[in-house]
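Here's a quick briefing on the ligand site and the pockets in this protein. Have a look at the structure first, then read on.

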Amino acid sequence: MTENIRRPRKPDYLMVVPDVNGLNRAAVDDIRVAAEAAIREHGRFTIALSGGNTPRGVYSLLAEEKDTFPWTKTYFFFGDERSVPPDHPDSNYRMARESLFSKVPVPEQNIFRIAAELGAAKAAEQYENTLKQFFTLQAGQWPRFDLILLGIGEEGHTASLFPESAALTETSRMVVSNWIEKLKTERITFTFPLINNAGEAMFLVAGAGKAEIIRDVFLTEGEKYPVQRVHPAHGRLLWIVDQAAASLL
Ligand code: 6PG
């Protein structure tokens, strides 16, 4: 049984689920609702996938809807990518291909991979141009993804927006290369203005290792962690958190 708590303090929705299976189920159910609403409203569903480990189970469960999900009207993007080729074990694209794309009839032209093999700066520039073309933007307009999936790192990063990294303060670019001192590597990432223009942002958080960060995010004020800067200005912010990660709330 999931509790659906609407916290009075912020316009977030916190859904606490029993375990990772509950997280996967809740995420897939919400993705389907978002897809059906988007297609009803504007004929297509645009989703930016998150990387790391947590989403893998969500993508695998979503793949079980291979015969019913509106794949031809769904367009897949990536909220961030590592500086590795698409077949590298660390590639977010590879993880999504293995757990989802390889199992469902999504048209290849509906999948927009970040070409990290070009180098982070070039890949970010190219991806930003891809977004501008796909969303046919007027000058000054920002893409509005129907749904952006996100995770939380144990030090409070999301996408590849890490503490004390330059991209945290980016306000004009949609996609940038970002040096991550902790990892000694460049990554490609959506920026906060792009994330906060989404129709919905969905955090997927599991495991006791995230309990302290979840406590701090929900029970302290301020923007100590990058993840606290995610607040879609005209959209929904949903947190799907398992009981282990919510254990300090
Ligand atoms: C990445 C992700 C990153 C991820 C967090 C949490 O490229 O690694 O985009 O932001 O969401 O690191 O990862 P887990 O959910 O696997 O702990």
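**Pockets and ligand at a glance**

The largest pocket holds about 520 Å³ of space. Of its 27 lining residues, G51, G52, N53, R82 and H157 sit closest to the centre. This is a predicted model, so to speak of local features pLDDT must be at least 70, side-chain atom pairs count only at pLDDT 80 or more, and totals for chains, interfaces and linings use all residues. Residues are numbered from 1 along each chain as its sequence is written, and side-chain values use heavy atoms, with hydrogens and water left out.

**How the pockets were found**

- Rolling a probe the size of a water molecule over the atoms shows where empty space is left.
- A pocket here is an open set of points on a 1 Å grid over the protein atoms alone, where a 1.4 Å probe fits, with protein on both sides within 12 Å along at least five of seven lines; lining residues have an atom within 4 Å of a point.
- A volume is the space filled by probe spheres set on the points, which are joined across faces, edges and corners.

**The largest pocket**

- The ligand takes up this space (a molecule sits in a pocket if more than half of its atoms lie within 2 Å of its grid points).
- α2 (54–63), β5 (80–82) and α3 (92–99) each bring at least two residues to the lining (helices, H or I, of at least four residues and strands, E, of at least two are DSSP runs, numbered from the N terminus).
- α2 has the largest share of that lining, with three residues.

**The ligand**

- There are 16 residues around the ligand, and N53, T54, R82, A159 and K210 come nearest (near means a heavy atom within 4 Å).
- A backbone N or O atom of N53 is 2.5 Å from a ligand oxygen atom, and for a backbone N or O atom of A159 the distance to an oxygen atom of the ligand is 2.6 Å.
- The side chain of H157 has an N or O atom 2.9 Å from an oxygen atom of the ligand.

**The second largest pocket**

- Its volume is about 210 Å³, and A34, A37, A38, E41 and D146 are the closest to its centre of the 13 lining residues.
- Helix α1 (residues 20–42) gives the most to this lining, seven residues.

Note on methods:
A polar contact is a pair of N or O atoms within 3.5 Å; within protein, one must be able to donate a hydrogen and the other to accept it, and residues adjacent in sequence count only if both atoms are side-chain atoms.
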